[in-house]
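The sequence and the structure are shown first.

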Amino acid sequence: MVAVKWSKLLLAGVLFVPLAYADSAVEASRYYEDALKRYERHDDAGAIIQLKNALKADNRMLPALVLMGQAHLRAGNPAAAERVLADAERLGAARGQIATLQAQAYLTQGKTRLMLEKFGADGLPPDARLDMLMMRGQAQLNLSQLDAAMTSARQAAQIAGGSARALALQARIHLNAGRPQDAQAAVQEALRVSPRDADVINMQASILHMRGELEAAAREYGRALDVRPDYLDARLARAGILLDLQRDSELKQDLDYLQSHFAYDPRGAYLRALYFSRQGDEARARAALQEATRTLSQLAPEFLAASAQLQLLGGLAHHALGEFERAKTFLGTYLEKHPRDVGARKLMGSIYLAEHQYDRATTMLQPALREQPDDAKVLAMLGEAAMRQGNPGKAARLFQEASEAHNSADIQTGLGVSLISAGQQEAGFQALIRAYEKAPASTQSAIPYALALLKRGDPRKAGTVVEGIIKREPQNVAMLNLLGITRLATGDRAGARAAYGAAIKAAPSFYPAHLNLARIDELDRQTARAHKRYLGILKVAPAHIDAMLELARLEESLGRPAEALRWLEKARSVRSKDIRTHLALSAFYLRQGQPRQALDIAKDAQAQAPDNPHTLLALVQSNIAVGNGDAARNLLRHLVQVVAFQPERLTQAATLQAQVGDRESAYYALSKALLADSNYVPALALQVRLDLQSGKTGEAEKQAQALLGKPGAAAEAQRLLGEIRMAQKRYPEAIAAYREASARNPTEASVFGLFDALMASGQASDAATLMSGWRDSHPQSRLAAHALGEAWLALKDATRARAVYTELVRVDPKDVRAHNNLAHVLLQLGEPAALVHAEKARALAPNQPQVNDTLGWVLVQQGQLEKGLRYLREAALRAPEDKGIQSHLNETLARLKRP
């Protein structure tokens, strides 16, 4: 009875349960069969969709899971293959059916060690055992376990039908071990055993490829593809050779096949980009590069980590797109495994140079130079880095070595620029001439040559060089811009405007021309128009740093420091790694009388570029401003070492060393500058001034007279003679010397020197006339306004003095000197507002003795003797040698009847 009952129940179950299951099983089978057809047609994406449908209907369908693993592998998604094959394993799929697929998924993802630990060949059917041994051999080869790899290959050779494939693997192992003859012997034996085996033929092609026998290699890769058209490695290798051989019609066929059958592989897209670039189709080349990088981004991280080839490709593709951060990521990973790859190091070095990371560029390139000491490209790149680091002497040596290895125009240009910067003016100029003669049609050689001609005072010849390029390249915006510069140098503002306008017409987004037009507007006193141009650039390019910095400069010159600060802060926030933004802000704070803030910003700049001469100078100037002379002196001595033999930098350092009282070091810096260029006028002039300060008046005059005979130095020599005569209190001769200097070159320095001489000789009226004229031609000059105010004060013309100083404090409420002098004027006029301006001056500069004297004297004159005495005592303590301050203090004490 029990048996009957159970049989009935079982029968009922058989009749009932499958009724619900039958429909889903049929549906799953239908989806699976369609997926199988799609897979056989290489429609992997369609197959995967149908297999998902099958598994939705029956999530335990083993054939669907296994086939999906195969489809994912072929579609280039090994991580997904690993997951579905693990599901198949849990559901009981036979090891012999899926182990090789799982091993392939692990190996393709770069899980090499894990693959070797988890998947052995023992116990597998012969075909599966052969595949597993071959994969294990490849994995061991990847890990440089050459002996273990050879053991796996030999075991594979013992399996029926595996001899040829195993010999091909042995050949690969021999090649990696540096045994090319053994590799060739293994391939020849494999060809004898199986002349139509695609792996063997591919290996033979690889050996030919490595030897540089490109035609023969392409032919052999073609034979491998005849046997197996979907052999990806052979297809890619042949496409690369056809690209090199410029056999474009054949290449296009391979590229189309790769795009159609292996769209997931980024290497095909990269080869297409190279092909389109050579065809001149930059739009399609860029699109192909973007496809390559997009495909790379979709690959599993483990897969990328396992493929050095894809890491290098990622670096190349992202670099070509200008995506440097991504390029660095790929190249960094690649170089961790292949640190001796010179090509990759050069590519990474070029990125660091483009990003102004010169220390890192040097660190990256030095190992490449050790690998290839005569590589001209590496030497030139290291030369550029040294130049940018402020070491032109080292740069010149590197460029000289590069020119000996490969005497190209661009290397000669680098040599010329570095020699000039190192103070070897004539040698550098000759190198630039050689570069230009080698490549007169090249902008890379023409631009530095033209700039050198400009610096040598020959703008017309520079313009001729530039015009020669423009004739060949009428739309070359860089040369049109340079043409504007040469025309401006000849005084042809209209011609300069026309050149800049042509550059903008050719390329509306070429902002250097917009900036130069704005500067001409400023020269023409059209400041509103210049302001509008700068804002116009920022409207289109909100992150344009140069426009922000120029706008800040203009705002400050117009007496709007708050607006200037806003633009400087914005520039720094937009480009925090660009030290120019830090340096501009530090200099602004110095000009605004806020040295602590200037010092903090300069320290930020130094953190990014510790030995950059600009950052060191900013630190020196801000330390001087806060009264930290010892720090300034130490920094200056370091700067003199850093800049090697750059006359300009050494003279700057010497000037500041003299300012902080380190005269001995200043003489040393000047000796280095003059060793580099014995005719460097600024250094010679500073040497005269140092002698004058040291009381060596005779020596100073002797050197100044000698300077009169040097080309282009007469104006500076006359100015020096003016300074010497002022020190000797021979004011009429000083006036004559300054007049001669101004006639030759009416610079601010010569005009103000003449002003001081006229004031010292009691000719305040002539001084006022001189400064009024200078101010008319330089309406934004606050120095001219201050000087004119002093002249009016000397002439006791309080009304005019008041007008000048009132305007100065209106434009810049933080001008200490203007507040202080306005207080003096108002005191003369008997106006109570004198106290307001005296107090403002002291609030801005509480440590200045003259400011304390003014406030104290105003208070005394207004009857507040006790309060005024407090400030006069402080002024006298800060400047005991000042007779005016002492006079005010003595008079106040007398009024108070105190000793």
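## Basis and overall form

Contact means heavy atoms within 4.5 Å. Among contacts in the chain between residues at least 6 apart in sequence, 48% join residues at least 24 apart. The model is predicted: local features need pLDDT of at least 70 and side-chain atom pairs count only at pLDDT 80 or more, while totals for chains, interfaces and linings use all residues. Residues are numbered from 1 along each chain as its sequence is written, and side-chain values use heavy atoms, with hydrogens and water left out.

The chain holds 52 helices and 0 strands; these are DSSP runs numbered from the N terminus, helices being H or I of at least four residues and strands E of at least two. The radius of gyration is 40 Å, well over the 29 Å that the globule rule gives for 899 residues, so the chain is more spread out than a compact globule. This radius is taken over C-alpha atoms, and the rule is 2.2 Å times the number of residues to the power 0.38. Along its principal axes the C-alpha trace spans about 140 × 75 × 50 Å.

## Burial and nonpolar cores

Of the 899 residues, 50% are buried. Buried means under 20% relative accessible area, exposed over 50%, and partly exposed in between (1.4 Å probe, protein chains only).

A nonpolar core is a set of buried Ala, Val, Leu, Ile, Met, Phe, Trp, Tyr and Cys residues joined through side-chain atoms within 4.5 Å. The largest has 48 residues, and L636, L639 and I724 have the most contacts inside it. Helix 40 (residues 681–693) gives the most to this core, with 8 residues. Beyond its neighbours within four places in sequence, L636 is in contact with V620, A653, L656, Q657 and V660. A second, separate core of 38 residues includes L754, A787, L793 and V858.

## A buried glutamate

E555 belongs to helix 32 (residues 545–557). With 3% relative accessibility, E555 counts as buried. Neighbours within four places in sequence aside, the contacts of E555 are H531, R560, E563, A564 and W567.

## Loop residues with positive phi

Although H356 is not a glycine, its phi is positive, at about 65°. H356 is found in the loop between helix 20 (342–354) and helix 21 (358–371), and is exposed, with a relative accessible area of 55%.

R525, also a residue other than glycine, has a positive phi near 65°. The loop that holds R525 runs between helix 30 (511–523) and helix 31 (527–540).
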